[in-house]
Amino acid sequence: MAVNLVNVENVSKVYGTRALLDGVSLGVSEGDRIGIVGRNGDGKTTLIRMLAKLEEADSGRVTHSGGLHLGVLTQHDSLDPAATVRHEVIRDMDDHEWAGNAKIRDVLTGLFGGLDLPGFPQGLDTVIGPLSGGERRRIALAKLLIAEQELIVLDEPTNHLDVEGIAWLAAHLRERRSALVCVTHDRWFLDQVCTRMWDVQRGTVHEYEGGYSDYVFARAERERIAASEETKRQNLIRKELAWLRRGAPARTSKPRFRVEAANELISDVPPPRDSSELMRFAGSRLGKTVFDLEDVTIQAGPKVLLKHVTWQLGPGDRIGLVGVNGAGKTSLLRAMAEAARSAGEQQPAGGRVAVGKTVRLAYLSQEVAELDPAWRVLEAVQRVRERVDLGKGREMTAGQLCETFGFTKEKQWTPVGDLSGGERRRLQLLRLLMDEPNVLFLDEPTNDLDIETLTQLEDVLDGWPGSMIVISHDRFFVERTTDKVYALLGDATLRMLPRGIDEYLERRHRMEEAAAAAATPAPVVEKPAVSAADARAAKKELQRIERQLDKLSGREAELHRKIAENATDFERVAGLDAELRELVGEREELELRWLELADEA
């Protein structure tokens with residue numbers, strides 16, 4: 001029988017006149033993996049702070065089992081700014097001692113990319129004080145995971161982690177024996193890690209068995225039984241339910257919660273979006289040319305981020321862009337945006353970006369645009385436009401779109417200066433959409449947004465007719481809103497991944513294995529010396545393969561263009577797609593041969 005680790009009995013917490021938690025009773029037992037969801041400001045962080053005894057309840061009580069080893073990751077770390085990473089993470093352990101510990105090696109490699117902490121100026125001996133918030137957060141998480149805990153409480157652990165880091169953390173937590181309570185907006189992460197869900201709403205906490213997918217099913221059924229009057233919210237749940245069943249099957253290996261009545265809820269729900277119809281509409285708004293990149297090279301100072309890239313963003317294309325931090329994702333969007341703003345006059349370091357004459361670009365950057373703090377929310381939106389055409393005959397007023405994004409009628413009169421970071425992010429998105437763009441660049445749009453707001457944003461984007469590029473570490477959002485995934489793998493190239501983020505992670509894993517093998521010197525007896533003649537021959541073949549790869553890249557871009565042009569001719573698209581897959585296979589074989597020859601040369 002599982003031992004009870006924490007008991008929360010009839011706990012209440014009030015801030016001002018608002019009851020965040022009202023008579024909540026819960027328990028955490030050994031082996032529990034609990035995910036907490038709910039709207040921003042509904043009390044998720046307050047709940048876990050009281051559960052960890054970092055904050056006192058107004059009434060009720062929280063009890064821990066005797067001698068409970070508890071580890072907590074809060075949104076504000078308590079690291080000593082004068083200390084080094086070594087001192088905070090591995091304390092006074094000798095190098096041979098910690099390097100011989102598989103757990104420590106796994107954590108350092110998973111969170112920092114290597115035992116020598118690449119990216120930190122002095123590696124483990126880097127002083128913490130000058131580091132960024134994201135770097136400090138990874139250090140705090142590493143310190144927590146290396147320690148032995150019976151219960152781990154995490155508040156937004158995936159913040160500042162890339163796709164690889166999130167995948168590693170999910171795998172690591174699944175393998176740990178520790179019980180887990182986690183607040184996060186990352187729905188893929190919740191599905192991978194959690195076996196129970198707590199939904200914090202209006203002072204109460206609803207419990208569900210299973211991960212996020214199962215929670216969506218159960219919540220839809222609960223609201224159906226309760227005959228909720230919140231028709232709009234219920235419709236969004238039905239739509240996400242349909243996506244989980246049809247758009248992304250097998251998201252959990254063995255879902256625990258399947259209710260026939262919940263399945264009936266989606267019997268008449270169409271797919272999230274009609275891609276063919278949206279592409280036709282987008283073509284009429286944009287014409288044939290949106291963005292054409294020809295032999296483009298992008299630099300950040302002396303560093304070359306992308307080299308000789310030929311690529312096309314066509315009308316109606318919905319692209320997810322993933323890649324390692326620093327590979328050039330944001331730089332690529334900025335170069336395209338600068339070309340659009342300057343009508344093609346401002347170009348990257350090499351090559352050319354051609355922009356369609358009808359392009360109306362909206363670019364959501366990672367920096368939240370500053371607005372007059374005295375403006376009201378509704379006023380800030382109406383200053384852009386009073387009404388917006390969302391396509392497919394859908395039109396909304398500024399007030400209606402505000403409500404869609406979680407700004408109630410009362411909240412619409414709140415001064416901008418009083419909004420939280422997440423609310424300002426929502427307002428920035430709203431203002432972009434009110435300007436009726438036909439091309440959207442979204443750089444980390446999910447930052448600071450809760451799950452309910454994310455589903456509302458996805459609903460708006462489902463029917464939005466235009467071209468779109470999304471950069472995000474939120475795997476669920478990328479899979480949900482885009483149709484194709486391209487990757488920057490850190491080798492100055494841009495590649496399409498037919499199998500999406502799964503293929504990206506596989507490729508990155510192979511690259512890391514190859515780099516590790518290259519870093520390990522092979523015994524001399526196993527590898528005979530290469531003669532000067534053989535080395536020259538290898539260099540010649542390398543040059544030949546590089547020319548072939550350049551040609552293949554051009555053919556690949558041409559195939560993508562043809563697929564976009566023939567989007568409604570499914571037979572033609574199927575033939576082009578088969579040709580594209582064959583070309584991708586040929587390119588991968590050449591790349592593998594290139595690696596072998598590079599070693600010889």
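Me: Tyr215, buried or exposed?
Reply: Tyr215 is buried, with a relative accessible area of 4%. Buried means under 20%, exposed over 50%, partly exposed in between (1.4 Å probe, protein chains only).

Me: What kind of model is this?
Reply: It is a predicted model, where local features need pLDDT of at least 70, side-chain atom pairs count only at pLDDT 80 or more, and totals for chains, interfaces and linings use all residues. Residues are numbered from 1 along each chain as its sequence is written, and side-chain values use heavy atoms, with hydrogens and water left out.

Me: How many aromatic pairs in the whole structure?
Reply: A search finds 7. Tyr208 with Tyr215 is one of the pairs: edge-to-face, 5.2 Å centre to centre, 75° between the planes. Rings of Phe, Tyr and Trp (its six-membered ring) pair if their centres lie within 6.5 Å; under 30 degrees between planes is stacked, over 60 edge-to-face, the rest tilted.

Me: And why does Tyr208 count as buried?
Reply: Because its relative accessibility is 7%. Tyr208 and Tyr215 also belong to one aromatic cluster with Tyr212 and Phe476.

Me: What about Tyr363 and Phe441?
Reply: An edge-to-face pair too, 6.0 Å centre to centre with 80° between the planes. Tyr363 sits in strand 14 (361–364) and Phe441 in strand 17 (439–443), 78 residues apart, so the pair links distant parts of the chain. Both residues are buried. Helices (H or I, at least four residues) and strands (E, at least two) are DSSP runs, numbered from the N terminus.

Me: Switching to helix 4. Which residues are buried?
Reply: Helix 4 spans 102–112, and Ile104, Val107, Leu108, Gly110, Leu111 and Phe112 are buried there.

Me: What do they pack against?
Reply: Helix 2 (85–89), helix 3 (95–99), helix 5 (133–146) and helix 6 (163–175). Contact means heavy atoms within 4.5 Å. Just after helix 4, Gly113 takes a positive phi of about 85°.

Me: How many bridges between strand 10 and strand 11?
Reply: 7, with strand 10 covering residues 291–300. Asp292, for one, has Gln312 in strand 11 as its bridge partner.

Note on methods
Pairing = 2+ DSSP bridges.
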